[in-house]
Amino acid sequence: MKLSNVLWIGGPAGAGKTTVARRLARRHGLRWYNSDSRTWIHRERARVAGVPVPDRGPAHNVYDRAPMILDDLRALPATPLVVAEGGPISPEMVSTPGRAVWLMPSREVQRERLRRRHPEGVPAYYLQTWDRLTATLANSAATTLVVDDLTEEETLAEVEAVFASALAEGPTADGVDERRALVRYGNDALVTQHAGPLTRPEVPADPATVVRTFDCECADPACTSLVDLTVADAVAAVSEPAPSILAAGH
């Protein structure tokens, strides 16, 4: 399976991959696959396979997540199109021309974005992703987009231009119910990402106090609203029929 139904967005930490992918999926009725939401699942798969994964700290350099990401994508329904995003995405994973783009900030802009996101201190691995991807992309014909001077809306427009023919060809979601189910799929994945680590002894935290951001489930293609919920409230919300995560007034 060539995964010709997948649109790929790569880039280092702080590039804006998740923001753009979320909005692209909402606007066009796509399924959003966020590789970060599978981190703990992939970690366990590696551990079961005998990889000596450390109990604490990042394990990104210990095992290759690309085969697991490809397995995840092959297991998804063939329709609608999938927008897959994440740092582990590399040109070698892409088999269909014109369906991949890498968002690349300069080193200085990446550092500034990450400092704002992590005032407590930027994890070293996040900074290393820029060097790794810069070296990888230098030896490929991959489409890259320098995002330093682009607003969120401008970045989204540039990505839409890269994917214009694929989006026109589709298939994309048909109707409100399907769009709503796709947003719920993304929120379910975020709950798995955030609730999983919080239950582990190596990452102690209280799900009743930890707040994370989820997508509004109103299914309006023009909606860009995000909803802040405690992890515990989000777990309860996704157990209810959609839409149960809604921005004020939606």
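Author: In helix α5, Tyr125, Thr129, Trp130, Leu133 and Leu137 are the buried residues. Buried means under 20% relative accessible area, exposed means over 50%, and partly exposed lies in between, with a 1.4 Å probe and protein chains only. Helices (H or I, at least four residues) and strands (E, at least two) are DSSP runs, numbered from the N terminus.

The model is predicted, so local features need pLDDT of at least 70 and side-chain atom pairs count only at pLDDT 80 or more, while totals for chains, interfaces and linings use all residues. Residues are numbered from 1 along each chain as its sequence is written, and side-chain values use heavy atoms, with hydrogens and water left out.

Back to α5, which covers residues 124–138. Its 15 residues reach 22 Å from the first C-alpha to the last, close to the 21 Å expected at 1.5 Å a residue. The expected span is 1.5 Å times one less than the number of residues. Viewed down the axis of α5, the buried residues fall within an arc of 165 degrees, so they line one face of the helix. The arc is that of the directions from the helix axis to the C-beta atoms. Those buried residues pack against β4 (100–104), α4 (107–117) and β5 (144–146). Contact here means heavy atoms within 4.5 Å.

β5 leads on to α6 by way of a loop that holds Asp149. With a relative accessible area of 73%, Asp149 is exposed. Asp149 and Gln128 are 21 residues apart along the chain, and their C-alpha atoms are separated by 22 Å.

The buried residues of α6 are Thr155, Leu156, Val159 and Glu160. Seen down the axis of α6, these residues fall within an arc of 140 degrees, so they line one face of the helix. They pack against β1 (6–10), α1, β4, β5 and α7 (164–169). β4 and β5 have already come up as packing partners of the buried residues of α5.

The contact of α6 with α1 can be described in detail. Two packed helices are described by the angle between their axes and the distance between the axes. For α1 (residues 17–28) and α6 (residues 152–162), the angle is about 65 degrees and the axes are 10 Å apart. Axes are lines fitted to C-alpha atoms, for helices over the stretch in contact, and angles run from 0 to 180 degrees between N-to-C directions. The crossing of α1 and α6 is right-handed, which means that the near helix is turned clockwise from the far one by less than a right angle. On the α1 side, Thr19, Val20, Arg23, Leu24, Arg27 and His28 take part; on the α6 side, Glu152, Glu153, Thr155, Leu156, Val159 and Glu160 do. These residues divide into 4 nonpolar, 3 polar and 5 charged. Ala, Val, Leu, Ile, Met, Phe, Trp, Tyr, Cys and Pro count as nonpolar, Asp, Glu, Lys and Arg as charged, and the others, Gly among them, as polar.

Val238 and Glu153 are 85 residues apart in sequence and 29 Å apart in space, C-alpha to C-alpha. Val238 counts as buried at 15% relative accessibility. Apart from neighbours within four places in sequence, Val238 is in contact with Arg184, Asn187, Asp188, Val191, Ser244 and Ile245.

Some backbone details remain. Most residues other than glycine have a negative phi, and most peptide bonds are trans. The bond from Gly170 to Pro171 is cis, with omega near 5 degrees, and Pro171 lies in the loop between α7 and α8 (176–198). Another cis peptide bond joins Thr79 and Pro80, where omega is about -5 degrees; Pro80 is found in the loop between α3 (66–74) and β3 (82–85). Leu3 is not a glycine but has a positive phi of about 60 degrees. Leu3 sits in the segment before β1 and is buried, with a relative accessible area of 4%.
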